Amino acid sequence: MPSLNFKNRILQVVGLIILSLLVTQVLQWDQGLWVAVSVTAIIGPFGASLTIEKSRNRIIGTIAGLLIATVLEIFLRYNYQFVFLVGIILAYVLGFAVQQNYRYFIMVVTVAICLNFEYMNLPFTSFEPISFLIARFMAVLAGIALFLFIQKYVYGVRNTRVELVESTQKIAASISDNLLQLSTLAGIDAKSGIDQAMALKAESESFEELLSASGYGLGGPCNELRAANRINRLQQRVISLLLDLSYAQQEPVELQAKIKSTIQRRALKLNNALSKFTQIMSLNYRT
């Protein structure tokens with residue numbers, strides 16, 4: 001069942017999109033649609049902190065893409081026979097950029113969009129291509145500025161705090177389940193231990209991304225962020241224990257018993273520390 005924070009975020013996202021469309025209609029700007037497009041694209045991760053982080057990457061990627069597009073425009077103005085070759089290279093680079101950071105993806109997409117516009121304006125008999133680059137930059141910047149203003153000064157940081165707390169509690173519950181298994185060594189063999197470690201590692205990577213974004217979205221350190229960082233460090237230790245247990249299965253029987261006993265003791269200590277910490281965290285969150 002969706003949390004109250006999730007439902008509130010739905011209303012906020014709808015409000016942001018409607019506002020951006022209204023701004024586009026009021027301005028009657030030729031490239032004004034990019035204001036709404038930018039806001040809609042930024043909202044993609046849906047989480048408050050992740051969208052703020054994404055807005056940073058989008059503006060950096062857009063600026064870099066427009067600079068590259070400007071250089072290409074100057075080159076293609078006098079060498080327009082290379083347009084198709086540049087297009088093929090961009091298509092290849094785009095496939096690579098999709099796998100990388102969002103800012104690289106936006107950079108390549110920006111270059112591709114500008115190149116497409118330049119192709120439609122061959123053989124560059126006017127100032128139109130450069131003016132398009134400037135207009136697109138202004139529209140994207142306006143969309144991001146509108147989003148950041150509403151997110152920070154209207155919606156505030158409450159969404160970011162609640163989102164971080166809910167994610168931290170979810171990760172803590174997952175850690176607790178793994179520690180319970182480690183303390184009893186029930187149902188964990190070499191393969192399942194590695195599988196559980198990899199699953200926890202995947203959760204850790206997503207959580208670390210949220211931590212990085214929350215640090216910017218919250219505007220600085222706070223109790224929620226410190227608690228989340230502590231849980232993240234605990235998660236790394238649990239991953240190590242799962243891997244140690246898996247590798248222990250390959251050791252001689254006498255050594256296996258010693259390693260497993262050590263892992264059980266560490267798991268119990270970590271579980272006790274986690275229980276006390278989650279109780280304090282839940283109490284602070286309610287107050």
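The secondary structure of this chain comes to 10 helices and 0 strands, where helices (H or I, at least four residues) and strands (E, at least two) are DSSP runs numbered from the N terminus. Along the sequence, then, the pattern reads α-α-α-α-α-α-α-α-α-α. Please keep in mind that this is a predicted model, in which local features need pLDDT of at least 70 and side-chain atom pairs count only at pLDDT 80 or more, while totals for chains, interfaces and linings use all residues. Residues are numbered from 1 along each chain as its sequence is written, and side-chain values use heavy atoms, with hydrogens and water left out.

Of the 287 residues in the chain, 40% are buried, meaning under 20% relative accessible area with a 1.4 Å probe, protein chains only. Taking contacts (heavy atoms within 4.5 Å) between residues at least 6 apart in sequence, 76% join residues at least 24 apart.

Just after α7, L185 takes a positive phi of about 60°.

Finally, N232 is found in helix α9, residues 223–248. Is N232 buried or exposed? N232 counts as buried because its relative accessibility is 10%, and, leaving aside residues up to four places away in sequence, N232 touches S204, F207, E208 and L211.

Terms used
Buried < 20%, exposed > 50% of the residue type's maximum accessible area, 1.4 Å probe, protein only.
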